[in-house]
Amino acid sequence: MFAVEVNNLRKEFFRRDATRTGWRKRRRRVPALEGVTFTIDRGECVAILGQNGSGKSTLVRLLSTLLLPDGGSATIFGHDVVKESRAVQRLVNRVSVEASFFKKMSSEENLAYAARFYGMPPSATKQAIPEILERVGFPVGRRHEGMEHLSRGMQQKVALARALLTSPVLLLLDEPTTGLDPRSKLEVQDFIRDVWTSYDATILLCTHDLREAEVLADRVGILDRGRLIALDPPEVLKEQFEAETLEDAFFAATGRTFEEEEDEDAERGVFA
Amino acid sequence: MNREAAGALRHEFIGLYGMVERNWYLIKRYAWWEIAFFFWTAANTLTIVFIAKGVVAEGGTVNIDRLTTILLIGAVIWSYLGIVFELLIETVAWERWEGTIEYTFMAPLTRAVHLLGTGIFAIGYGIVRASIVFAAIAAFFGLHMPNANFFAALVLIAVASISFVGIGMMTAVLPLISPEKGTQFGYVAQGLMLVVSGVYYPVSVLPEFMQWIAKISPATYALRGERAAILDGASVGGVWGDLWPMLIIGVVSVPLGIWVFRRGELHAKKHGKLKRSG
């Protein structure tokens, strides 16, 4: 059984145009994912590369049951993300680009809140929270401080702790290091590697950091305008596109540089 | 009950506790704001209750203590309903603003438990705050309520709360559908409910069509029952005529509220609205 099996997955959104037909504004169909198909084995780390608006976050949201697909299917350890969403929710957790916490509440309170939804009572979190915070390199003595007083890097460590506290078997990482300073970025990447090896977790890492993808993942996929155009180990990708670097491979696969794509992505208006 | 079902039930209770616990944390962290909002509620209540003195000052002949108490009950029920609706609407609105909405909605917790957890906290917190406002304003005006049956009043508000929570769940869906204006529309629902329920006047003064709508509003029975219990000392048996309609409305409105919220959630999942804003 695959950890993740995605088959011809489709998602589109409708955006209102400025132009009108009669009294009504015209609606424009914006495809976010178009027929995406791939599998991930248990214990594998797969990175999906793509620019802003390429559909990475849409893919993560579909797999974490926050979106309903318009077509195709996705299963997590054999459970359909639509029909068996509760079973999927028990297996999955995620870390996204925004740490997202109740800012006035402390890290301990935020973690306790998240843990309750996964059936962890106060007797379990009392010990588990300091332990997991220590594990991610968070100064345990600061766990009673409000989140608003913590740096972005610290907040992202708490986000990692939140995801791991519930012992997920599939970890969805949606640009977890974007916006972090170089040191925090390396710390988070080290921790992801540590989790992958010691927790027996399967990881889907969505990023637009080419180096991060190359360093962390077994296989790297290229998602371009909602289409998965390649998914192979980094070395195979470079060979396939006759490129020296992953960046060159990305360029050869998509025919565009990252900079060129940004404007087009903004125009597409899909999830970043 | 088999072990699996017991485990699932335990999981849901822990989730329910989590919602109550989180709201408690937030109240603690925003304690100064709570005090400020308390004074705002007290000031609002005073502006209404002073109307009784105003009527006398303008030459009207009324039982000033009785009218003051009638207005006070209306203002306190208004503020209580406001607290319940506000906390339920914030189930979505606050989480959307903080960005935690995605983590909460992808967690393995039934929506019923999620909403009921907030509802239970809202009832407890709302009753405490409304009682303090009631006692403070009553003391300010030196109101004497020698006949008041506060036990019956408490039973009435507890039963009314079931239907208030059910209707609040329906309004909580609004920020899911309209992230920008949904919260404000919840307050519109609160106002509409109270205007037909005789918040500061008997329902009999309303136009006939509004009196018909009043029959399906739980606030109508809550206000009438509270006034009977506090002004005339009616017992629980004496206000049964107001209790049973609220029980029926509660039994219908809570499952309906959960159903409406679920429909809204599916709409949000279809159109990509389950995400942070702000």
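Q: Which residues touch the most other members of the largest nonpolar core?
A: In this predicted model, the largest nonpolar core holds 157 residues. Those touching the most other members are Leu63(A), Ala161(A), Leu204(A), Leu205(A), Ile77(B), Val84(B) and Leu156(B). Helix H3 of chain B, residues 64–98, supplies the largest share, with 18 residues.

Q: What does Leu63(A) touch, leaving out residues up to four places away in sequence?
A: Its partners are Val4(A), Ala74(A), Ile76(A), Val81(A), Val92(A) and Leu172(A).

Q: How many residues of chain A are in contact with chain B?
A: Chain A brings 27 residues, which contact 27 residues of chain B. On the chain A side, helices H2 (85–91) and H3 (107–116) are the elements giving two or more residues. H3(A) gives the most, with 5. By class, this side has 15 nonpolar, 5 polar and 7 charged residues.

Q: How should I read the phi of Asn8(A)?
A: Most residues other than glycine have a negative phi. Asn8(A) has a positive one, near 50 degrees. Asn8(A) sits in strand E1 of chain A, residues 4–21.

Q: What is the phi of Thr65(A), and where is this residue found?
A: Thr65(A) is not a glycine, yet its phi is positive, about 65 degrees. Thr65(A) is in the loop between helix H1 (56–63) and strand E4 (71–76) of chain A.

Q: Why does Thr65(A) count as buried?
A: The cut-off for buried is 20 or more other C-beta atoms within 10 Å. Thr65(A) has 23 such neighbours, so it counts as buried. Asn8(A) has 14 inside 10 Å and therefore counts as partly exposed.

Q: What confidence scores does the model carry?
A: Where pLDDT is low, predicted coordinates should not be read in detail. Chain B averages 91, and 99% of its residues score at least 70. The model has ipTM 0.89 and pTM 0.87.

Methods: Residues numbered from 1 in each chain as written. Chains lettered and ligands numbered in written order. Predicted model: local features only at pLDDT ≥ 70, side-chain atom pairs only at ≥ 80, totals over all residues. pLDDT = per-residue confidence, 0-100. Core = buried A, V, L, I, M, F, W, Y, C linked by C-beta atoms within 7 Å. Buried ≥ 20, exposed ≤ 12 C-beta atoms within 10 Å, placed from the backbone. Helix = DSSP H or I, 4+ residues; strand = E, 2+ residues; numbered from the N terminus. Contact = placed C-beta atoms within 7 Å. Nonpolar A, V, L, I, M, F, W, Y, C, P; charged D, E, K, R; others polar.
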